Amino acid sequence: MHDEPEDITTGQLNAKDIATGIFLLAVAAIGLLLNRENATGTAAQMGPGYMPMLIFSLLAILGVAVIVVGFRNGPDPLERWAWKELVLILGAMAAFGVLIERIGLGLSVATVVVIASIADRSHSVLGVAGMTIALVFICWLVFILGLNLNVSFLPPALTEL
């Protein structure tokens, strides 16, 4: 009798995917909770809470999908958390929120790219410079030129000259 090899991934959990899905669900739940006082409106008449509600709902759906994949993907144990990288990425996003009104969109985007690039040591200075220029240009193109957002691209001190 010839026995076929047993699939060793059946019934085993992918801890990384499940932890990621739970994290995404938690962020979505907190975001939806904080957004509940904002008027959402409709798709035709969007209120200030419409886009955050849409984004956090999609994040929750993504979290559920990642958890489902984690139940089917097989074993992948959680390893050491990359705390330094997590703090740098979250810090870059926080810096953007704090700096955008003070130094403008262009320098805020550049700051985010530089801080976030420190999280991955494989980036070269030339690569970070190229990514910074490309993202600043794309943000200018989309948000300033395309959507005509009421956000200063340059630092306010330079635009008042």
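1. Ground rules. This is a predicted model, so to speak of local features I need pLDDT of at least 70, and side-chain atom pairs count only at pLDDT 80 or more, while totals for chains, interfaces and linings use all residues. Residues are numbered from 1 along each chain as its sequence is written, and side-chain values use heavy atoms, with hydrogens and water left out.

2. The H3/H4 pair. Helices here are DSSP runs (H or I, at least four residues; strands are E, at least two), numbered from the N terminus. Helix H3 covers residues 83-118 and helix H4 covers residues 125-146; they pack at an angle of about 145°, their axes 9 Å apart. Those axes are lines fitted to C-alpha atoms, for helices over the stretch in contact, and the angle runs from 0 to 180 degrees between N-to-C directions.

3. Contact means heavy atoms within 4.5 Å. By type, 12 of the residues are nonpolar, three are polar and none is charged.

4. The core. The largest nonpolar core has nine residues: Ile-100, Leu-105, Val-109, Ala-110, Val-113, Val-128, Val-136, Cys-139 and Ile-144. H3 and H4 are the elements that give two or more residues to this core, and H3 has the largest share, with five. A core of this kind is a set of buried Ala, Val, Leu, Ile, Met, Phe, Trp, Tyr and Cys residues joined through side-chain atoms within 4.5 Å. Buried means under 20% relative accessible area, exposed over 50%, and partly exposed in between (1.4 Å probe, protein chains only).

5. Val-109 up close. Val-109 sits in H3 and counts as buried because its relative accessible area is 8%. Leaving out residues up to four places away in sequence, Val-109 touches Phe-96, Leu-135, Val-136 and Cys-139. Its C-alpha lies 7.5 Å from that of Thr-132, 23 residues away along the chain. With the same exclusion, Ala-110 touches Thr-132 and Val-136.

6. Asn-35 is buried, at 7% relative accessible area. In H2, the buried residues are Tyr-50, Ala-60, Gly-63, Val-66, Ile-67 and Gly-70, and H1 is part of what covers them.

7. Asn-148 lies in the loop between H4 and helix H5 (156-159), and at 63% relative accessibility Asn-148 is exposed. Its phi is positive, near 55°. That deserves a look, because most residues other than glycine have a negative phi. Phe-153 is in the loop between H4 and H5 too and is partly exposed, at 23%. Among the residues Phe-153 touches are Ile-103, Leu-107, Trp-140 and Ile-144.

Notes:
Ala, Val, Leu, Ile, Met, Phe, Trp, Tyr, Cys and Pro count as nonpolar, Asp, Glu, Lys and Arg as charged, and the others, Gly among them, as polar.
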